[in-house]
Amino acid sequence: MAVAKTSSESNSTVAVNSLRLLSVKELCELLGVSRSKVYVEMASRRLRCIKLGGSTRFRLADVEAYLNGLDA
């Protein structure tokens, strides 16, 4: 039996997904590209990232914006 989500539950799911942080490894696997390609895109500032201590993370929303910009 399927349970319908309320609009507030759907909105919170969207909010959580937009806050999801991906590691470099996860992003490489998601996009099917090498680590060096990710670092080239970061260095050119086409792909936004977040530095947390010694870690580099990517917001899912920023990855989507990057991918949408590739179509242009």
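**View 1. Aspartate 62 and its contacts.** Setting aside neighbours within four places in sequence, aspartate 62 touches Leu47 and Arg48, where contact means heavy atoms within 4.5 Å. This is a predicted model, in which local features need pLDDT of at least 70, side-chain atom pairs count only at pLDDT 80 or more, and totals for chains, interfaces and linings use all residues. Residues are numbered from 1 along each chain as its sequence is written, and side-chain values use heavy atoms, with hydrogens and water left out. To find aspartate 62, look in helix 4, residues 60-70. Helices (H or I, at least four residues) and strands (E, at least two) are DSSP runs, numbered from the N terminus. Is aspartate 62 buried or exposed? Aspartate 62 is buried, with a relative accessible area of 8%. Here buried means under 20% relative accessible area, exposed means over 50%, and partly exposed lies in between (1.4 Å probe, protein chains only).

**View 2. Salt bridges at aspartate 62.** Side chains of opposite charge can pair when their charged atoms come close. A salt bridge is counted when a side-chain nitrogen of Lys or Arg lies within 4 Å of a carboxyl oxygen of Asp or Glu. Aspartate 62 forms one with arginine 48, and their closest N and O atoms are 3.9 Å apart. Arginine 48 sits in the loop between helix 3 (35-43) and strand 2 (50-52), while aspartate 62 belongs to helix 4, so this pair ties together parts that are 14 residues apart in sequence. Arginine 48 itself is exposed, at 56% relative accessibility. Aspartate 62 also meets the side chain of arginine 59 in a salt bridge, at 2.9 Å from N to O. Arginine 59 is partly exposed, with a relative accessible area of 29%.

**View 3. Other salt bridges.** Now turn to arginine 20 and glutamate 26, whose side chains meet in a salt bridge of 3.5 Å, N to O. Arginine 20 is partly exposed at 40% relative accessibility, and glutamate 26 is partly exposed at 31%. Elsewhere, Lys37, Glu41 and Arg46 are joined in a network of salt bridges. How many salt bridges does a search of the whole structure find? The search finds five.

**View 4. Serine 55 and valine 24.** Serine 55 belongs to strand 3, residues 55-59. Serine 55 is partly exposed, with 28% relative accessibility. Along the chain, serine 55 and valine 24 are 31 residues apart, and their C-alpha atoms are separated by 8.8 Å.

**View 5. Two cysteines.** Cysteine 28 is buried, at 10% relative accessibility, whereas cysteine 49 is partly exposed, with a relative accessible area of 30%. How many disulfides are there? The count is zero, taking a disulfide as a pair of cysteine sulfur atoms within 2.5 Å.

**View 6. Stepping back to the whole chain.** The protein chain contains four helices and three strands, and along the sequence they follow the pattern α-β-α-α-β-β-α. Of its 72 residues, 19% are buried. Among contacts in the chain with a separation of 6 or more, 44% come from residues 24 or more positions apart. The accessible surface comes to about 5,400 Å², and 56% of this belongs to carbon and sulfur atoms.

Key: Accessible areas come from the Shrake-Rupley method with a 1.4 Å probe; for residues, only the protein chains shown count as cover.
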